Amino acid sequence: MDEDHPLHIVMVPWLAFGHLIPFLELSKSLAKMGHRISFISTPRNIQRLVKNQSSSPFINFISIPLAKDENLRDQAEATIDLPLDEVPYLKKAYDSLEGPVSIFLETSRPDWIIYDFAPHWLPPVASRLDIPCCFFSIFNASVNCFFGPPSRHTESDIDDSVSRNRKTLEDFTATPSWIPFPTNLAFRMHEIRKVFGSIQINVSGVSDGRRFACTIQGSEVVAIRSCMEFESEHVGLLEKLFEKPIVPVGLLPPPSPDVNDEDDKHEEWMRMREWLDKHEQKSVVYIALGTEAALSKEETSELALGLELSNIPFFWVLRKPTGSNDDPSSMLPKGFEERTKGKGFMCFSWAPQMRILGHPSLGGFMTHCGWSSVIEALEFGCPLILLPVINDQALNARTLVWKQVGLEIERDEEDGSFTREAVAKSLRTVMVDEEGEMYRAKVKEMRQVFGNKSLHDGYVERFSQYLKEHKRDKLLKNVFKFHLSQHRRIPKIPQELSSLINLVSLPLNHDQNLPEHAESSTDIPIEKTQFLKKAFDGLELYLTKFLENSKPDFIIHDFASYWLPKVSEKLGIPCVYFAVFTASSMAFLGPPEVLLDEKRNRILSPVDLCTSPEWIPFPSDIKYHHHEVVQYFKGAPPPEPDHHNDDDDDKYEAVPDTRRFGMVIRDSKFIAVRSSATEAAPSEEQVNELAIGLESSGLPFLWVLRKPLTGSASCSDLLPLGFEDRTRDRGVVYMTWLPQVKILHHPSVGGFLTHCGYNSVIEGLAFRRVLILLPMLNDQGLNARLLGGKQVGLEIPRNELDGSFSSKSVGHGGKRRGSTLNLMDRLETRPRR
């Protein structure tokens, strides 16, 4: 992989400007490094975003309109366009982007997708297209830690107001048990009531908790808008809670305003600056509490009277609440503007916040504690007066108090009300009184972190490097995806042979013990195999009629159709038994008279299978281990059922394999021998040890881990916690069919850890690959003994009785690479055959 090659990255943010802007800032930072960005949003949002932004040739804005919804206001494309109680309809409309976004991803095939919490449908789409995903949290690490692992984000059966271990609202007012270090992170009762009061309506059918859980769990890495210098403990804890790599991208502080640009000469800003210039340094408090969750009229009035009481000059941006047509000045107490004229500046429209915060007259910032506003204030070393309004703002306030860079206005715990006296006291403490000197000193220290452009550029550079190092290998991806799409149960017949091969389909008799559509051993667990054989025996009548009509020259059959030699004899058609087992395995089973003789049949006496048979006249190590015999009989039917009771068909049992083998060998004209395969899968414990062994070996690996036939376990469920993340740089795990022959043929493959099915063995040796042997079932144990004796494979040591093996025994050869290489050398020096 060429790490210097720029990436194509798709950005998919939620439709709130508190999300859109950080996504755009990250996009601009990545674009400066040469990466190509496709930024997906709606038409109006894109217009608003690019209005005051300098264009970049590396950022392409992809405009996708929302689906029409009668409950959504006209031209409402962001939360800023709606009152809080109508945002659920925006989420419902947002989910309509799934189809167009999927089409865009299919046609553009980017290297990465970086998405927000809202597109819960995006991880499955990305997985299908084999595009890696990054969840970008615009919240800081402490907020994410408070809510805990993704599994805790899912909703209860009743509503979205509780999570698995938080059954009441009171539970959110306590610090979480999973945070192991001292913290003050907790909601106040009035805050948590407001949070859940805003999300009671769920018209999309998907709660916010479910969205967070799906997007986090579906990602390969989590990027977070934070830095180690501010909250290293929380970043470290978050990696454990999310069980994902956590990559801080820095604080993405916006660039300081240029005094020479056009905005500096904007008429409205010039009027504001003129007023600010009249005041002494560090004397003015700036108040901006957002618009999406505004204060009530009573709260606004009390805040105004507190400002008046403090006697501190103020610059107040008071916007009308979202969805309201009221004049924002109507929220103020009667006569307030006249009484504070000259002392205060009221702005009822947009204001250039970065320019105001950067003005030397600013001595304090009263904020709603939105993370973006906090970052902007601390970038200029501005002390904070904290008045959180909703959602994560309360937790941000706790963090800022803990860090001693801000003082929270005292409020009533239950209803959240505050007094004018509390407002005035907080203002004077932070900006004037000696008691507030610690806040003023702390923000000067914090400015060294928040205002350090090179520090945060470095975080983005490391994130860029991570994306480059962990992007998919497109060549490998295309090979695998092509073959996955072409895979069928029966391999594709070459075109030149298609006219010569006729596939005849015969339906199985329905059996209540078989799952629906089960027509192969790959469709069922091993315990159900006897019922499949019973259903297979139901083909006798259909096949007999087919043979009577078609009159073939030969019949080539497998071991299961024990009844076929008699049918072919009756029709005068010679038949051949094609053994898919090795000659050594067939010899181990013995002659048909042994298989059909109850007294001599060793399979009816399992302990005898652990010794070499008497009829093999030369030295042989071909025998089973005890644990293999136990596994062999795991799904076997009773030894000798009654097959001939015509009056009691309900008690019919599948004919034992020994009788099937014995009868087809005895009654066939001759036997062809080749190879074998099976669908037996390792247990979860065995997968665990194998994974740890692979990890400890230090070797690169490609692991095809097939999904168990029972249960719905995913690949990550079977593997040890964090295994894929720890081995991401040198290993890949696939839980689906892959083109084994093409993989074995690849020059990078040096060894093949196999279950010893003889098909796989033949393919491995055909390409001269060293075999590491881990037999699972049936003839595989015998094949392993044969291969070990031939010195073309090394068997992983196992407990003789239960078949367990340790990760050490798996990884031993990897750590002692010399032994593996010696085996490869021996194979290379053998004569080619």
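**Working through the model**

Author: We can begin with Val 792, which sits in the loop between helix H32 (780-789) and S21. Keep in mind that this is a predicted model.

Reader: Is Val 792 buried or exposed?

Author: Val 792 counts as buried, because its relative accessibility is 10%, and the cut-off for buried is under 20%.

Reader: How far apart are Val 792 and Leu 773?

Author: In sequence they are separated by 19 residues, and in space by 9.9 Å, C-alpha to C-alpha. Leu 773 also has a place opposite Glu 795 in S21.

Reader: How many bridges are there between S20 and S21?

Author: Strand S20 (residues 770-773) pairs with S21 over three bridges, in the parallel sense.

Reader: What is the order of the strands in that sheet?

Author: The order is S19-S20-S21, in an open sheet of three strands with parallel pairing. Strand S19 (751-754) and strand S21 (793-795) are the edge strands, each pairing on one side only. On average, neighbouring strands of this sheet are turned by 20° against each other, direction ignored.

Reader: New topic. Which strands form the open sheet of seven?

Author: They run in the order S3-S2-S1-S4-S5-S6-S7, and the pairing is parallel. Strand S3 (59-63) and S7 are at the edges with a single partner strand each, so each has one side left without a neighbour in the sheet.

Reader: Let's take S1. How many of its residues are buried?

Author: Five of the five residues of S1 are buried, so the strand is largely enclosed by the rest of the structure.

Reader: Which way do they point?

Author: His 8, Val 10 and Val 12 point one way from S1, while Ile 9 and Met 11 point the other way, and all are buried.

Reader: Why would they alternate?

Author: Because side chains in a regular strand alternate between the two faces of the sheet.

Reader: And what does S1 pair with?

Author: S1 and strand S2 (residues 36-41) pair in the parallel sense over four bridges, with Ile 9 opposite Ile 37 in S2. Strand S1 (residues 8-12) also pairs with S4, again in the parallel sense and over four bridges. There, Val 10 stands opposite Ile 113 in S4.

Reader: What do S1, H1 and S2 make together?

Author: With helix H1 (residues 17-32), S1 and S2 make a β-α-β unit, and it is right-handed. S4, helix H5 (residues 122-129) and S5 also make a right-handed β-α-β unit.

Reader: Then S5. How many of its residues are buried?

Author: Five of its five residues are buried, and strand S5 (residues 133-137) is mostly covered. Cys 133, Phe 135 and Ser 137 point one way from S5, and Cys 134 and Phe 136 the other way.

Reader: What are its neighbours?

Author: Strand S4 (residues 112-115) pairs with S5 in the parallel sense over three bridges, and Ile 114 stands opposite Cys 134 in S5. S5 also pairs with strand S6 (residues 221-224), in the parallel sense over four bridges. Ile 224 in S6 is the bridge partner of Ser 137.

Reader: What is the phi of Asp 130?

Author: Asp 130 has a positive phi of about 60°, although it is not a glycine. Asp 130 lies in the loop between H5 and S5, and it is buried, with a relative accessible area of 11%.

Reader: And the phi of Glu 243?

Author: Glu 243 is not a glycine either, and its phi is positive, near 55°. Glu 243 is found in the loop between helix H9 (228-242) and strand S7 (246-248). Its relative accessible area is 43%, so Glu 243 is partly exposed.

Reader: Last topic, cavities. How many are there of 30 Å³ or more?

Author: The count is one cavity of 30 Å³ or more. About 140 Å³ of space lies in the largest cavity.

Reader: Which residues lie nearest its centre?

Author: Of the 12 residues that line the largest cavity, Gly 290, Ala 294, Leu 295, Leu 318 and Arg 319 lie nearest its centre. The lining divides into nine nonpolar residues, two polar and one charged.

Methods. Residues numbered from 1 in each chain as written. Predicted model: local features only at pLDDT ≥ 70, side-chain atom pairs only at ≥ 80, totals over all residues. Heavy atoms only, no water. Buried < 20%, exposed > 50% of the residue type's maximum accessible area, 1.4 Å probe, protein only. Helix = DSSP H or I, 4+ residues; strand = E, 2+ residues; numbered from the N terminus. Pairing = 2+ DSSP bridges. Right-handed = clockwise from strand over helix to strand, strands pointing away. 1 Å grid on protein atoms, 1.4 Å probe; cavity = no way out; pocket = protein on both sides within 12 Å on 5 of 7 lines; lining within 4 Å. Points joined across faces, edges and corners; volume = space filled by probe spheres on them. Nonpolar A, V, L, I, M, F, W, Y, C, P; charged D, E, K, R; others polar. Axes fitted to C-alpha atoms, helices over the stretch in contact; angles between N-to-C directions.
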